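I opened the model today and kept short notes. Each entry records one thing I looked up.

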Amino acid sequence: MNAAQHRHPDENPAGAHLPLEPLPGHFSRGRLERVLRRGEFAVTTELNPPDSADPEDVYNRAKIFDGWVDGINAVDASGANCHMSSVGICALLTRMGYAPIMQIACRDRNRIAIQGDVLGAAAMGVANILCLTGDGVQAGDQPGAKPVFDLDSMSLLETIRVMRDNGKFLSGRKLTTPPQVFLGAAVNPFAPPFDFRPIHLGKKIAAGAQFVQTQYCFDVPMFRDFMQRARDLGLTDKVFILCGVGPLASARTAKWIRSNVPGIHIPDAVIRRLEGAQDQKAEGKRLCIDIIDEVKEISGVSGVHVMAYRQEEYVAEIVDESGVLRGRRPWKREARADDALVAERLEHILGEDVTEKQVDMVRSAH
Amino acid sequence: MADTPIKPVPIGAGIPPAATGTTTQAAAVRKNAPKSDYKPADVSPQRRMQRSWSVRLWSVRHSRLLEWVYARLAETFLALHPLWKAIGYGRVEAPVKFVEKRVKGFMFDCRMCGQCILSSTGMSCPMNCPKQLRNGPCGGVRANGNCEVEPDMPCVWVKAWEGSRNMVKGDAILNVQNPVDQSLRETSAWLRVTAQAAAAREQAKTSTDVGAAA
């Protein structure tokens, strides 16, 4: 088979870990921006960061998404719980050709550290950055930490946009090579003040957001209202909106999330549906697929962000069964044709205990 | 050493048991903390420095009135610019700051960031947000409109949005604000705004003069 035929269109022919050819109108050299700008329905997910220094932990956790997602969020101490850093995860993932979305939370680092990290990440091939404010330290496992919040998500977006587009630090000092990144933000249409939320999204776009991922959507009518307002404000033409979805493990979990995790809105109907089910876990997955089916029809929705914390193995099934990819296969790390041939040959030599003589080889070749 | 193969770890291995049922990681940490008789209230240090917020909420409800009052104050300060300049802004700063800190502290729970944006935030001081967000609410606002970090405090930005709707120039809330310049902490925002307005006025005058001369 020809190597060129085998290759995914969004892969650098010189190696999967290298940035893609720059395209006109594109701000980054990553896969996610290409998928979105082609008008394809994008799927992103979240990697559960390991509490370990073993790179294999990251690769194993990324492997289960292979061939099903267009981007993997590397979370930055989500919930203010300490884990492997998002920069570290991204460094590992880009080496293997994955398209990580590096999250930056303003909670832990000041503007000096963040701008340095942006440059470092871009140098390592990170093409997507998601700007977040971050949870308060009181939510995490180290509530005695100093909350930094030097920037907020909005000024962080603007800082990185200025670094990219104007080639300058916040201070005005020049960069020799600006970071080429696709900028993202988070929105929560499900928390008050509801009438401000679409305007807030507009503000984030003005600050530099090019794609947004929403908080978990369990209330489709509420999301539809938000999208209607966003369309009325003309925002959906300026930003790619990925709706956050995810499976609920059980009715008990859902109730617990509702009362303990601020910002996640779960209507009673959802909990009733889970309670009434025989197998609550399967029903949670089914519910997630149903929500995807509904939100993908809403005009202005460019994709879904599947967050399946501790149920990561379900992501592939959810994406497959919901059919959002419409037959498209996202990039997957595959051995190039020539490498595959060598590997196969090597396996043959090492695995099967045969000693081939030149005479036999010549004979079999004819 | 080098030939020890790195064993592939099965997915899900090494993940601590899920926070099932009723505990969060934070709750577990708190539970395991050493016990003592003195237990400060379970709120952030920022909140402890603060009185009740009834005056602050009154200010937000009367944002339109305060907007008018502030406009008059700014005019007066600008009119007094020659006086400030004669005495010297540096010398006048201490007494002005003394007044400003107490007045704004009483009205808005001012934190003296030195770069006041109350006019752009519906007269709700954003520095009272535990995350000190200056551009809008975070995603953690509770369903009842209270803060994620301080469950009994109304979200500063929910109030800011309400306040801005009462104001004549309330749409200033749509402007993207720069990050806080920490080097301006504990300085007088009133004097800075006055000096800047005076400089702008001067420049406008000279440019029209040049335009008239040309």
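I began with Arg310(A), which lies in the loop between S8 and helix H12 (314-322) of chain A. Helices (H or I, at least four residues) and strands (E, at least two) are DSSP runs, numbered from the N terminus. The model is predicted, so local features need pLDDT of at least 70, side-chain atom pairs count only at pLDDT 80 or more, and totals for chains, interfaces and linings use all residues. Residues are numbered from 1 along each chain as its sequence is written, and chains are lettered from A and ligands numbered from 1 in the order in which they are written.

**Backbone entries**

I looked up phi for Arg310(A) and found a value near 60°, positive in a residue other than glycine. Most residues other than glycine have a negative phi, and most peptide bonds are trans. Is Arg310(A) buried or partly exposed? Arg310(A) is partly exposed, because 14 other C-beta atoms lie within 10 Å. The cut-offs are 20 or more other C-beta atoms within 10 Å for buried, 12 or fewer for exposed, and in between for partly exposed, with C-beta atoms placed from the backbone.

Met123(B) also went into my notes, with a positive phi near 65°. Met123(B) sits in the loop between helix H6 (89-108) and H7 of chain B. Met123(B) is buried, because 29 other C-beta atoms lie within 10 Å.

Next I checked a peptide bond. The one from Pro192(A) to Pro193(A) is cis, with omega near -5°. Pro193(A) belongs to the loop between strand S5 (182-187) and helix H7 (197-207) of chain A.

**Barrel entries**

I followed the strands of chain A. Eight of them form a closed barrel in the order S1-S2-S3-S4-S5-S6-S7-S8, with parallel pairing. Two strands pair if DSSP finds at least two bridges between them. S1 (residues 42-47) and S2 (residues 71-74) of chain A pair in the parallel sense over four bridges. Leu47(A) has Ala74(A) as its bridge partner in S2(A). S1(A) also pairs with S8 (residues 301-306) of chain A, in the parallel sense over four bridges. There, Ala42(A) stands opposite Gly303(A).

How many residues of S1(A) are buried? Six of its six are. One side holds Ala42(A), Thr44(A) and Glu46(A), the other Val43(A), Thr45(A) and Leu47(A).

**Core entries**

I turned to the largest nonpolar core, which has 96 residues. Such a core is a set of buried Ala, Val, Leu, Ile, Met, Phe, Trp, Tyr and Cys residues joined through C-beta atoms within 7 Å. Ile72(A), Ile129(A), Cys131(A) and Val212(A) touch the most other members. Helix H11 (residues 280-295) of chain A gives the most to this core, six residues. A second, separate core has 18 residues, including Cys129(B) and Trp161(B).

**Chain B entries**

Nine of its 11 residues are buried, so H7(B) is largely enclosed by the rest of the structure. Its buried residues pack against helix H3 (54-61) and helix H4 (63-79) of chain B.

Then I checked where the chains meet. In all, 37 residues of chain B are in contact with 43 residues of chain A; contact means C-beta atoms, placed from the backbone, within 7 Å. H1(B) gives the largest share of chain B's side, three residues.

Notes: Two residues are in contact if their C-beta atoms, placed from the backbone, lie within 7 Å.
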